[in-house]
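Here is a quick tour for someone opening this structure for the first time. Have a look at the sequence and the model, then read on.

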Amino acid sequence: MTGEKNLKSLLAAMHPAQRHGEYVYVLWPEGRPLLPGIEAAVREAEGLTVVLPRAVADQEGLAYDFVGAWITLQVHSALEAVGLTAAISKALTEAGISCNVLAGFHHDHLLVPVADAPLALEVLAGLSARSRNGPLQPPVLRRETREDRDAILALTADAFAVSPVAGLPVQGEPVEVALLRRLFDCKEYLPEFSVVAVLDGKVVGHVISTRGWAGDQPLLGLGPLSVAPRLQRQGIGSALMKETITRANAAGEAGIALLGSTKYYARFGFVPAASLGVLPPEESWGGHFQLLPLALWPGGVHGTFRYAEPFALV
């Protein structure tokens, strides 16, 4: 099979996917027999560099500095294709992500810092989508209505059909769907903070924030946030986040709390909540429980965060 050479076709069809596990670069000890599990190797004047799973390196007591996530561009690129590496490097550089490229006979592979993998996948998927369809038109963002709810619940089921924690298909209805049903009917429901993103008349994204507290201080507890799988990593989630923050500031809210990726939500100004005196409901959440202090953040807030009542049933 002949590899693709056309840059636009390569970008449109690359479908980035992350391999399971973490990978490291190791300078292989001279004269030591090679082990199973080595994924790539480069011979240099200074010695042999190998890429292998971190678990193997740890087991063998091999030193490393960089710990990477392995992303494969699932398109058969010709080795003589021009511009693919440059386009990818430019997009990742603009997002502040370092990248090491490995070219195979069939595919190109990227190793990015583990913490940057979710953002790297978002950047690459967006680059691919723009090459296929041109820039995505911005969605209409508006308050949710009762007529939207069936579409919102179906969207949430699709968005969480694969567990964001385990990365495996969910058996039965995702817990986020049942949670959302309860949030719509609970006393902590705030209609102005249930926002949908609409494209071509269809609900393609939704975010909800409900009343929460830290001590006596009212705050917003954000989540779940859902985007149609076919449109993920194209800016709809970011648009919903920015709309929520704008609405919260306009309403005079003090802050927004959530549980999620420290890398992703830091771009919106979220910081570990404990650094502002607000502790997570579960100690094991650590720095992944985050808080965005808004314009009217009072300071001096202390206490464990309390979500809306339906969260206790999850």
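This is a predicted model: local features need pLDDT of at least 70, side-chain atom pairs count only at pLDDT 80 or more; totals for chains, interfaces and linings use all residues.

Residues are numbered from 1 along each chain as its sequence is written, and side-chain values use heavy atoms, with hydrogens and water left out.

**The whole chain**

Eight helices and 16 strands make up the secondary structure of the protein chain; helices (H or I, at least four residues) and strands (E, at least two) are DSSP runs, numbered from the N terminus. Along the principal axes, the C-alpha atoms fill a box of roughly 65 × 45 × 40 Å. The chain has 314 residues, and 46% of them count as buried. Buried means under 20% relative accessible area, exposed means over 50%, and partly exposed is in between (1.4 Å probe, protein chains only).

How much of the contact total comes from residues 24 or more positions apart? They account for 69% of the contacts with a separation of 6 or more, where contact means heavy atoms within 4.5 Å.

**Two cores**

A nonpolar core is a set of buried Ala, Val, Leu, Ile, Met, Phe, Trp, Tyr and Cys residues joined through side-chain atoms within 4.5 Å. The largest one here has 40 residues, and Ile 236, Ile 256 and Phe 270 touch the most other members. Elements that each supply at least two residues of this core include helix 5 (149-159), strand 10 (202-214), helix 7 (236-250) and strand 12 (255-259). Apart from it lies another core, of 22 residues, with Leu 73, Val 75, Ile 88 and Leu 119 among them.

Back to Ile 256: leaving aside residues up to four places away in sequence, its partners include Leu 220, Ile 245, Phe 270 and Leu 292. In soluble globular proteins, nonpolar side chains tend to be buried together.

**A loop residue**

Where does Leu 35 sit? Look in the loop between strand 2 (23-28) and strand 3 (40-44). Leu 35 is partly exposed, with a relative accessible area of 25%. Not counting residues up to four places away in sequence, Leu 35 touches Trp 28, Val 56 and Glu 60.

**Salt bridges**

The count of salt bridges comes to twelve, each being a side-chain nitrogen of Lys or Arg within 4 Å of a carboxyl oxygen of Asp or Glu. Here are some of them.

| Pair | N to O distance |
|---|---|
| Lys 187 and Glu 188 | 3.4 Å |
| Lys 187 and Glu 309 | 3.1 Å |
| Arg 247 and Glu 243 | 2.9 Å |

Lys 187, Glu 188 and Glu 309 are linked in a network. Buried or exposed, what is Glu 188? Glu 188 counts as buried, at 5% relative accessibility, whereas Lys 187 counts as exposed, at 67%. The pair of Lys 187 and Glu 309 links distant parts of the chain, 122 residues apart: Lys 187 is in the loop between helix 6 and strand 9, and Glu 309 is in the segment after strand 16 (303-306). Arg 247 and Glu 243, on the other hand, both lie in helix 7, four residues apart, or about one turn of the helix.
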